[in-house]
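Subject: Structure for your reading

Dear colleague,

My notes on what was found in it follow directly after.

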Amino acid sequence: MPNQSILLSMKHITKTFPGVKALDDVSLDVKEREIHALVGENGAGKSTLMKVLSGVYPYGTYDGDIFLEGKRCAFSNIKQSEQAGIVIIHQELALSPYLSIAENMFIGDERARFNIINWDKTREDALKYMERVGLHENPNTPVNKLGVGKQQMVEIAKALAKNAKLLILDEPTSALNEKDSEHLLEILKELRDTSDISSVLISHKLNEVASVADSVTILRDGRTIETLEVKRIPGENASISEDRIIKGMVGREITEMFPKRSNPIGDVLFEVQEWTVYNPDNPEKKKLDDVNIKVRAGEVVGLAGLVGAGRTELAMSVFGRAYGDAISGHTLIDGEEVDISTIPKAISHGVAYVPEDRKELGLVLIQNVKENTTIAKLRKIAKLSVINEHEENVVAEDFCKRLNTKTPTILQTTGNLSGGNQQKVVLSKWLFSDPRVLILDEPTRGIDVGAKHEIYTIINSLAAQGMACILISSEMPEIIGMSDRIYVMSEGRITAELPGRTTTQEEIMRNILNN
Amino acid sequence: MSGLIAILKKNVRQYMMVIALAVAMVAFGILTDGIFFRPVNLTNLVLQNSYVLILAVGMLLCTLTGNVDLSVGSIVCFIGALCGVMMVDLQWNPYVAMLLALLVGALIGMWQGFWIAFVNVPPFIATLAGMLVFRGLGQVIMKGQTKAPFPKEFQLISSGYIPDPFGGLSIGALHFHVFTLLIGLLIVALIIFGEIQKRKKQKKYDFDMLPAGIWLAKVVFIATVLVAFTVVFAVYKGFPNILILLGILVIGYQFVASKTIQGRHIYALGGNRKAAELSGVKVKWVMFWIYTNMAILAAVAAMVFTARLNSATPKAGQNFEMDAIAACYVGGSAVSGGVGSIIGAVVGGLFIGVLNNGMSIIGISTDWQQAIKGFVLLAAVAFDLYSKSRSSKIA
C-alpha cells in the first residue's frame, strides 16, 4: 500500500523520572491502516511511551511532540486522548465484572437523555459494535460470565464505541489461548482493512508480531533501535523473522532460545493417579476427570492445552488441594502414597508450585526480597520460632546470586522489581523450600526474552539436580523446546502423551482439537 | 545525602509520628507552664491511657490483616462485669477470679475467631455482632447496677507502684526511687546495645543506613528522653505497676511481630492473603489466633480499667475500640493491611493520649477534644495515602 499517510507521529520523546531516563529521544510513526508492533524487553520503555501518548503522563511532563493526523497534541489526561481517537487497552482488563456487556461498553458515555439511560438504544448500539468484533453474545450477559478472550473483545468493542482511530493494545494475548489470540489478531486486521483503524500492538509473543505486523518498532533501554517495514506478498513468507526481531531487542542473537539439557533421567518420582476434581463454583461439573500423570527424577514434563483445559486446576488441586471440590485420587512420591492434602503438608513432602499469576499469587508485593524468599519454610532458619536474621540474610543474598536476581539489596520491595526478577524471587522461595517436585505454571509469562532464557537455564539446572519438573505453558514452542515429555490436556482429561522437542505444534494442536 | 533522604522517605511515617509526639509534648509543656511535665501528671497520663494502649497492641495485629475488632469495648464491659460478680458479689479470691477472667476472655476470642476464620464471616460483621452481644450480656450480668468496691489486691494493678527494695535515696529535697532508676538505666543500656548491633548488621550487609552523626544524635536523643522520664517517675512514687505490665506487653508483642515465624506469617497474610496461603501459611489459624489474642488483651484491659475505677459499670469500655483503632492508624498502620508496627501503634496511642491530657489541662472541653482527635486521625491517614501515592508515582 504506497502513499499511506502518517496517522500518528511521536517525535523526540524524552521522559525522565528522578534518577532514570525512561525514554531517551524516542520517535514513533504509525501510518494509517497499519498494525504497528512495539517490541522490546521489559523496562525498554514501551509502557512509558504509551502512557505519554495516552496522557497518563500529561503534556509538559515530557519533552518532544506528538502529532495526530498532523495536528499537535497536548493531552493532559486520558479523557482528552480518547476524545482525539486514541484508545488504550491495558493488559489488565478494566471491565466491571458484574455489569453487562452493554453496560460496560458505554461506561462514562452512557446512552442517556436527561441523565436517564435509554436501555433500548444501549442494547442496540452494543449489538452493532459487538457485531464488528465478532462477539455473538447477549449484550445483557454480565462480563464475568465471559471468558478472557471474549472480555478482550468487549474491550475492543468499547474502544470502537469511542470512535477510536488508533487502538493501543498492551499485551492483549498474554492471557489468551491460541484460538482466542488468533481471533483477536484477525479482528485487528479486519478493523484495519474495513474501518481504517490502526493499532499499536505491544507484545512479547514474537510469532504473533511476525505474523500480523505491518511494521515493527524495537525499543531497547529507552531508545528507538529501529523500525522494520514488513513486506507481505501473498504466498511467500513475510520479510521478517522472529530471530531478526530478537536480535534487535537484545542487541545480540540468541542462538538457542531453549538451552539443551543432557542429564540422565531417573525413576518415577512423582505420580498422580485417577485424579478427579469437581468445580467448586459448579459442584455438578467435573473439572478434572481421571487424570494420570507421572514425572521422573530429572525430567521436565510439559502440560499443553488450551486455557480452561484444566492444567492450572490440576496443578493447584495436587498442591495441597488449593483448588477444587470433592477431590479423589492418589498422589505418590517414590512409589509410595503421600498425604499432600494441605499446602503445608505438600511443602513438607517437597512439592512446590510456582503460580501463574506471580503478582496475585506468587509474591507479597509490599514485602521485600528477603521476606518473600524465606516465607515458605521459615522454620529452616528459626529456632523455637525465632527467626535467625543473620541466616535469613545469607540465604536471601545467596539466592539472588545463584539466580542472578537484579535488585539493589535484599531489602528492596518486590513490587518495585521487573517481571523477570520478580519471577526469580518466586523461584527462590520455592527452591528454598527444598522441593523434589516443582510445578511451574506459565513461568515466563510477561517476561522479556533475556530473562526467559535465564529462567529456562534455571529449570534445566534444577532438572539436572534430579528434581521432577512439571511445566505448564500456553506458548507451544516453549513446551516443545523445554519438555522431555508432553501431556496434552483437553477439557479436564489427558488426551495424549507425546515426546518433547521432536513434537510439532500442529501435532499438539491436533491432539487438543481431536478430542 | 541521597541515602539519608531515601531512608527518611521510606520511614517518613514513623519519624513524623515520633516528631509529632515530641512536638505535642513540648508544646503542652509550654502552654501549661510545665504542669504537663510534672511527675504526677505524667504518671496520670500513663494510667489514663494504659488500657487503650493494651488494646492497641492487640488491635495492631488485626489491622495488619486489613481488619479491625469492634467488640473490644464491649468485652471490656463484659469482663469487668464478670470481675464484679466474682470479686464483689461472690467474694472469690481475686487471683483466682483474675485468672478466670483471662480464661473467659480467651473463650470469647475463640468464639469470634471461629466465625471469622472458619466460617468466613467478615471480621467487621463478626465483631460488630460481638460488640452488641457482649455489651448486652455485660448489662444482663450487672442487672443495671454498678459493682463496687473491689478487693485491695485487685486495685493494686492500676493504683500500685513497684516496690523499692533499696529503700530510696535522698539528695537534698528530692527523694529518688532507686529501683525505678535502675530499671530505667538498664532499659537505656539495652536500647543502646541493640542500636549498635543493628548498625553493625546494616554495615555488614551494605543496607541503607543513617549517616553516623545523625544515627548518634538519634540514639543520644532516645537515651536522654528515657533517662529524663525515668528520673521524673523516680522522684514521684517510682514506676506504676501498670507501666511495667505495659512495657512487658509492648516489648513482648514487638518481638513476636518482628522476630518470629508467627509474626512474619501475620505480615505476609496482611500483604497478600492468597500468596501467603500458597506459601504454606495457615491463614485460617492465623486469623483465629489474632482474634483470640485480641480478646485476651481486652480482658487484661478490662481488669486494668475496672481496677482503676474500682467499680464495674454497664457503660465501661464504651468507644474503647475506636480509640484503639485510631491509635493503630495514627501510628502508621495501612488500611489495606500488611503495614504497621506495635511500637507505631503505641506511639499513635500516646499521641492521642497526650492530646487528651494536654487539652484537658489547658481547659479545652471534651467535646472539642473529640473533634480534634477526629481531625488528627483523618490527617494522619490522608498524609499516609498522599505520601504513598507520591512514592509510587516516582517508582
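Chain A of this predicted model is divided into four parts: domain 1 (1-85 + 165-254), domain 2 (96-163), domain 3 (266-350 + 436-449 + 466-515) and domain 4 (358-434). The centres of domain 1 and domain 3 of chain A, taken over C-alpha atoms, are separated by 36 Å. In the contact between these two domains, 13 residues come from domain 1 of chain A and eight residues from domain 3 of chain A. On the domain 1 side, helix 6 and helix 8 (242-250) of chain A each supply at least two residues. Helix 8 of chain A gives the largest share of that side, three residues. Sorted by class, the side of domain 1 that touches domain 3 has five nonpolar, four polar and four charged residues.

Next, I would draw your attention to helix 5 of chain A, residues 148-161. This helix has 14 residues and reaches 20 Å from its first C-alpha to its last, close to the 20 Å expected at 1.5 Å a residue. Is helix 5 of chain A mostly covered or mostly uncovered? Helix 5 is mostly covered, with twelve of its 14 residues buried. Among the buried residues are A:Met153, A:Val154, A:Ile156 and A:Leu160, and also A:Lys150, A:Glu155 and A:Lys158. The buried residues of helix 5 pack against several elements of chain A: strand 6 (86-89), helix 3 (101-105), helix 4 (119-132), strand 9 (166-170) and helix 6 (178-195). Just after helix 5 of chain A, A:Asn163 takes a positive phi of about 60°.

The two chains also meet. In this contact, 30 residues of chain A touch 24 residues of chain B. Helix 10 (343-348), helix 11 (358-362) and strand 20 (386-387) of chain A each supply at least two residues of the side that touches chain B. By class, that side of chain A has 20 nonpolar, six polar and four charged residues.

Finally, consider a pair of helices in chain B. The axes of helix 3 (residues 39-64) and helix 9 (residues 212-235) of chain B come within 9 Å and cross at roughly 105°. Helix 3 of chain B is therefore roughly perpendicular to helix 9 of chain B. B:Pro39, B:Leu42 and B:Thr43 of helix 3 make the contact with B:Val232, B:Phe233 and B:Val235 of helix 9 of chain B. The residues of this contact divide into five nonpolar, one polar and no charged.

Yours sincerely

Terms used
Residues are numbered from 1 along each chain as its sequence is written. Chains are lettered from A and ligands numbered from 1 in the order in which they are written. This is a predicted model: local features need pLDDT of at least 70, side-chain atom pairs count only at pLDDT 80 or more; totals for chains, interfaces and linings use all residues. Helices (H or I, at least four residues) and strands (E, at least two) are DSSP runs, numbered from the N terminus. The expected span of a helix is 1.5 Å times one less than its number of residues. A residue is buried if 20 or more other C-beta atoms lie within 10 Å of its own, exposed if 12 or fewer, and partly exposed in between; C-beta atoms are placed from the backbone. Two residues are in contact if their C-beta atoms, placed from the backbone, lie within 7 Å. Ala, Val, Leu, Ile, Met, Phe, Trp, Tyr, Cys and Pro count as nonpolar, Asp, Glu, Lys and Arg as charged, and the others, Gly among them, as polar. Domain bounds come from an automatic or database domain assignment. Axes are lines fitted to C-alpha atoms, for helices over the stretch in contact, and angles run from 0 to 180 degrees between N-to-C directions. Angles under 35 degrees count as roughly parallel, over 145 as roughly antiparallel, 65 to 115 as roughly perpendicular and the rest as oblique.
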